[in-house]
Amino acid sequence: MRITNRLLAFLLSLALTLGAVLVLIEIVAYAVGAKAIVLNWPGLYRWASGTTWGSGIVRLVGVGLAVIGLLLLAAQLKPRRPHRLRLQPIDPATDAAITRRGLARTLRDAAIEVEGVHDAHVTVGRHLVRVHAEVLDGAAPTGDYLNGAVASAAQHRLDALRLDPAPTLSVRISKEELQ
């Protein structure tokens, strides 16, 4: 979400800067006695003088600006995924955390250490950690044994890290064909 917020902020600031430059150009042109250069502001002024607040175009522009403002507000109020997951401190004066990527890597390593697991992919959510282990078809023990072994290894690592709060672990095993 940070990238989206930064992109929206950049586009908004670019539009405001461009508008300010155009206004500045027109002010300087008017001050030196030249005609309108970029914007036909005298015509725009005449149009605005004869248009009421209740006209359709004014309402349409107002609704459009309100929608854009609400979208920007919603983008800022949407909670971000925490980048770091808090660990239970051993000492009250200590603050410790692990990154999502670091947790995914350590759980992947725990899953790969299980005999028969060829590869593993880990997705770390706010309250759920998904481990998807891949085994080679015919080269691994039964699925129930592997599911329990991978779940046990991953849960052991999660317990050792002492996450606060501890996420729920979900394990899935899939078989790949030998090539």
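Tyrosine 30 is exposed. Its relative accessible area is 57%, and the cut-off for exposed is over 50%. This value, like the others here, comes from a predicted model.

The structure holds one aromatic pair. Its members are tyrosine 30 and tryptophan 41. The ring centres lie 5.2 Å apart. The planes stand at 80 degrees, so the pair is edge-to-face. The pair links distant parts of the chain. Tyrosine 30 belongs to helix α1, residues 2–31. Tryptophan 41 belongs to helix α2, residues 41–50. Tryptophan 41 is partly exposed, at a relative accessible area of 33%.

## Overall build

How many helices and strands does the protein have? There are five helices and five strands. Read from the N terminus, the elements run α-α-α-β-β-α-β-β-α-β. The radius of gyration is 29 Å. The globule rule gives 16 Å for 179 residues, and the value here is well over that. The protein is therefore more spread out than a compact globule.

The C-alpha atoms fill a box of roughly 85 × 50 × 35 Å along the principal axes. Buried residues make up 20% of the 179 residues. Contacts can also be sorted by sequence separation. Of those with a separation of 6 or more, 52% come from residues 24 or more positions apart.

## Isoleucine 57 in helix α3

Helix α3 covers residues 56–77, and isoleucine 57 lies in it. Is this residue buried, partly exposed or exposed? Isoleucine 57 counts as partly exposed, with 43% relative accessibility. Beyond residues up to four places away in sequence, isoleucine 57 touches Trp47 and Thr51. Serine 13 is 44 residues from isoleucine 57 in sequence. In space, their C-alpha atoms are 25 Å apart.

## The three-stranded sheet

Three strands form an open sheet. Their order is β3-β4-β5, and the pairing is mixed. Which strands are at the edges? They are β3, residues 117–124, and β5. Each of these pairs on one side only. On average, neighbouring strands are turned by 20 degrees against each other, direction ignored.

β4 and β5 pair in the parallel sense, over nine bridges. Valine 131 has valine 171 of β5 as its bridge partner. Helix α4, residues 100–112, packs on the sheet. Helix α4 touches β3 and β4. The direction of α4 makes about 155 degrees with that of β3.

## Histidine 132 in strand β4

Strand β4 spans residues 128–136 and holds histidine 132. With which side chain does the side chain of histidine 132 make a polar contact? The partner is the side chain of arginine 172, at 3.2 Å.

Leaving aside residues within four places in sequence, histidine 132 is in contact with Asp119, Ala120, His121, Arg172 and Ser174.

## The loop between α5 and β5

Helix α5 covers 143–161 and strand β5 covers 168–176. Arginine 162 sits in the loop between α5 and β5. Its phi is near 55 degrees. That is a positive value in a residue other than glycine. Arginine 162 is partly exposed, with a relative accessible area of 36%.

Which two residues does a cis peptide bond join? They are aspartate 164 and proline 165, and omega is about 0 degrees. Aspartate 164 counts as partly exposed, at 35% relative accessibility.

Aspartate 164 also meets another part of the chain. Apart from neighbours within four places in sequence, aspartate 164 is in contact with Arg86, Leu87 and Gln88. Proline 89 is 75 residues from aspartate 164 in sequence. The C-alpha atoms of aspartate 164 and proline 89 are 9.0 Å apart in space.

Key: Residues are numbered from 1 along each chain as its sequence is written. This is a predicted model: local features need pLDDT of at least 70, side-chain atom pairs count only at pLDDT 80 or more; totals for chains, interfaces and linings use all residues. Side-chain values use heavy atoms; hydrogens and water are left out. Helices (H or I, at least four residues) and strands (E, at least two) are DSSP runs, numbered from the N terminus. A polar contact is a pair of N or O atoms within 3.5 Å; within protein, one must be able to donate a hydrogen and the other to accept it, and residues adjacent in sequence count only if both atoms are side-chain atoms. Contact means heavy atoms within 4.5 Å. Buried means under 20% relative accessible area, exposed over 50%, partly exposed in between (1.4 Å probe, protein chains only). Rings of Phe, Tyr and Trp (its six-membered ring) pair if their centres lie within 6.5 Å; planes under 30 degrees apart count as stacked, over 60 as edge-to-face and the rest as tilted. Two strands pair if DSSP finds at least two bridges between them. Axes are lines fitted to C-alpha atoms, for helices over the stretch in contact, and angles run from 0 to 180 degrees between N-to-C directions. The radius of gyration is taken over C-alpha atoms; the globule rule is 2.2 Å times the number of residues to the power 0.38.
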